[in-house]
Amino acid sequence: MTTLYDVPADDLIDAVAAKLEDRIDEPDWAQYATTGESKELPPEQDDFWYRRAASLLRKVATDGPIGVERLSTQYGDKKGGSNRYQVAPEHRSDGSRNIIRTILQQLEDEDLVDTEGSAGRIVTGDGRSLLDDTAGEVMEDLDRPELERYA
């Protein structure tokens, strides 16, 4: 049986995002929100919300139990001093906790993620089966010779 660890992450995230489009809704404010303090504009991808949800579901499955704080650190970026002039050295900034928290709440409503007390969130059996079943479909569609040893 193919698991989420057996396929490339980007292919798995694309496939899971397509499945999540039917299950979760993007909030109205999401098209105006930036993904962190280091960004000036909102994302340009049309399916950003679903790709981030798929990515978060995969992260919770691989790293769980994990909380919003650690996830925002992982989705962070470096922030420059200025766009036009370099007035201050670059430093690290976290990703948007509101986006991460909202997506995790939506995944909890769909019973894909559950809260593990104060330790953070873990993936449920339904979430694990969604990831593993999608990984099996992705593995069948892959035409990459270097991954044949996993099939």
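This is a predicted model: local features need pLDDT of at least 70, side-chain atom pairs count only at pLDDT 80 or more; totals for chains, interfaces and linings use all residues.

Trainee: Let us start with the helices. At what angle do α2 and α4 pack?
Mentor: The angle between α2 and α4 is about 75°, and their axes are 10 Å apart. Angles of 65 to 115 degrees count as roughly perpendicular, so α2 and α4 are roughly perpendicular to each other.

Trainee: Which residues make that contact?
Mentor: From α2, the contact uses Trp-49, Arg-52, Ala-53, Leu-56, Leu-57 and Val-60. From α4 come Ile-99, Ile-100, Thr-102, Ile-103, Leu-104, Gln-106 and Leu-107.

Trainee: And what are they by class?
Mentor: In the contact of α2 with α4, ten residues are nonpolar, two are polar and one is charged.

Trainee: What about α2 and α5, how do their axes cross?
Mentor: Helix α2, residues 48-63, and helix α5, residues 125-141, have axes that come within 11 Å and cross at roughly 110°. These two helices are therefore also roughly perpendicular to each other.

Trainee: Which residues are involved there?
Mentor: Leu-57, Arg-58 and Ala-61 of α2 meet Arg-128, Leu-130 and Leu-131 of α5. By class, this contact has four nonpolar and two charged residues, with no polar ones.

Trainee: Now the core. How many residues are in the largest nonpolar core, and which touch the most other members?
Mentor: The largest nonpolar core has 35 residues, and those touching the most other members are Val-16, Leu-20, Leu-57, Leu-71 and Leu-107.

Trainee: Which helices supply this core?
Mentor: At least two residues each come from α1 (9-20), α2, α3 (68-74), α4 (97-109) and α5. Helix α2 gives the most, with eight residues.

Trainee: Changing topic: where is Ser-96?
Mentor: Ser-96 sits in the loop between β2 (91-93) and α4.

Trainee: Is Ser-96 buried or exposed?
Mentor: Buried means under 20% relative accessible area; Ser-96 has 17% relative accessibility, so Ser-96 counts as buried.

Trainee: What lies around Ser-96?
Mentor: Not counting residues up to four places away in sequence, Ser-96 touches Thr-34, Thr-35 and Gly-36.

Notes. Residues are numbered from 1 along each chain as its sequence is written. Side-chain values use heavy atoms; hydrogens and water are left out. Axes are lines fitted to C-alpha atoms, for helices over the stretch in contact, and angles run from 0 to 180 degrees between N-to-C directions. Helices (H or I, at least four residues) and strands (E, at least two) are DSSP runs, numbered from the N terminus. Angles under 35 degrees count as roughly parallel, over 145 as roughly antiparallel, 65 to 115 as roughly perpendicular and the rest as oblique. Contact means heavy atoms within 4.5 Å. Ala, Val, Leu, Ile, Met, Phe, Trp, Tyr, Cys and Pro count as nonpolar, Asp, Glu, Lys and Arg as charged, and the others, Gly among them, as polar. A nonpolar core is a set of buried Ala, Val, Leu, Ile, Met, Phe, Trp, Tyr and Cys residues joined through side-chain atoms within 4.5 Å. Buried means under 20% relative accessible area, exposed over 50%, partly exposed in between (1.4 Å probe, protein chains only).
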